[in-house]
Amino acid sequence: MDRYQPIRPFGKAFAREYKGYMTSRGIKQADIAELLGRNAGYVSERANGKRALDTDDVDALAELTGTNGRDLMIELAQRARGLAVVPPVEDEEPTVSPAPAELPKAAKRGRRKADDVGEAE
């Protein structure tokens with residue numbers, strides 16, 4: 001029996017996004033392990049969703065990709081939840097728009113509810 005808690009669905013989705021971000025930027029698990037002072041197995045378990053990632057893991061990836069941990073954490077969490085990220089306007093916090101699946105059916109078809117109602121005569 002595993003002595004660790006099983007990873008919840010969001011944790012697994014977050015790990016997939018973490019690994020995808022890492023891979024897309026050419027960062028190897030060994031690079032993260034070295035920065036953290038850990039072995040490659042530690043990073044592998046977390047990047048593959050077998051163990052939960054923590055903020056140190058995200059900070060290490062952020063440092064290796066030239067961003068900051070907070071912004072990377074937000075971006076990966078939004079991706080894991082399937083939300084579209086809207087870039088912030090100067091000095092504003094990022095906002096999130098609903099994913100297409102969350103839009104009303106009329107909006108998906110490019111129509112408004114008002115279009116479905118006949119014009120008053």
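What span should the twelve residues of helix α5 have at 1.5 Å a residue, and how far apart are its end C-alpha atoms? Helix α5 covers residues 69–80 and should span 16 Å. Its end C-alpha atoms are 16 Å apart, so the two agree. The expected span here is 1.5 Å times one less than the number of residues. And a helix is a DSSP run of H or I, at least four residues, numbered from the N terminus.

Before I go on, a word on the model. It is predicted, so local features need pLDDT of at least 70 and side-chain atom pairs count only at pLDDT 80 or more, while totals for chains, interfaces and linings use all residues. Residues are numbered from 1 along each chain as its sequence is written, and side-chain values use heavy atoms, with hydrogens and water left out.

Now walk along α5. At its start, look at N68. A side-chain oxygen of N68 comes to within 3.1 Å of the backbone nitrogen of R70. Inside the helix, the buried residues are G69, L72, L76, A77, Q78 and A80. Buried means under 20% relative accessible area; exposed means over 50%; partly exposed lies in between, with a 1.4 Å probe and protein chains only. Just after the helix comes G82, with a positive phi of about 75°.

Next, charges. How many salt bridges does the structure hold? Four. Each one needs a side-chain nitrogen of Lys or Arg within 4 Å of a carboxyl oxygen of Asp or Glu.

Start with R70 and D71. Their salt bridge has its closest N and O atoms 3.4 Å apart. R70 is partly exposed, because its relative accessible area is 46%. D71 is partly exposed too, at 36%.

Move along to R79 and E75. Their side chains meet in a salt bridge, 2.5 Å from N to O. Why are they separated by about one helical turn? Because R79 and E75 are four residues apart in helix α5. R79 has a relative accessible area of 33%, so it is partly exposed. E75 is at 24%, so it is partly exposed as well.

There is also a network. Salt bridges that share partners join E45, R46 and R51 into one. Within it, E45 pairs with R51, and their closest N and O atoms are 3.7 Å apart. R51 has 16%, so it counts as buried.

Definitions and conventions:
Helix = DSSP H or I, 4+ residues; strand = E, 2+ residues; numbered from the N terminus. Polar contact = N/O pair within 3.5 Å; in protein donor to acceptor, adjacent residues only side chain to side chain.
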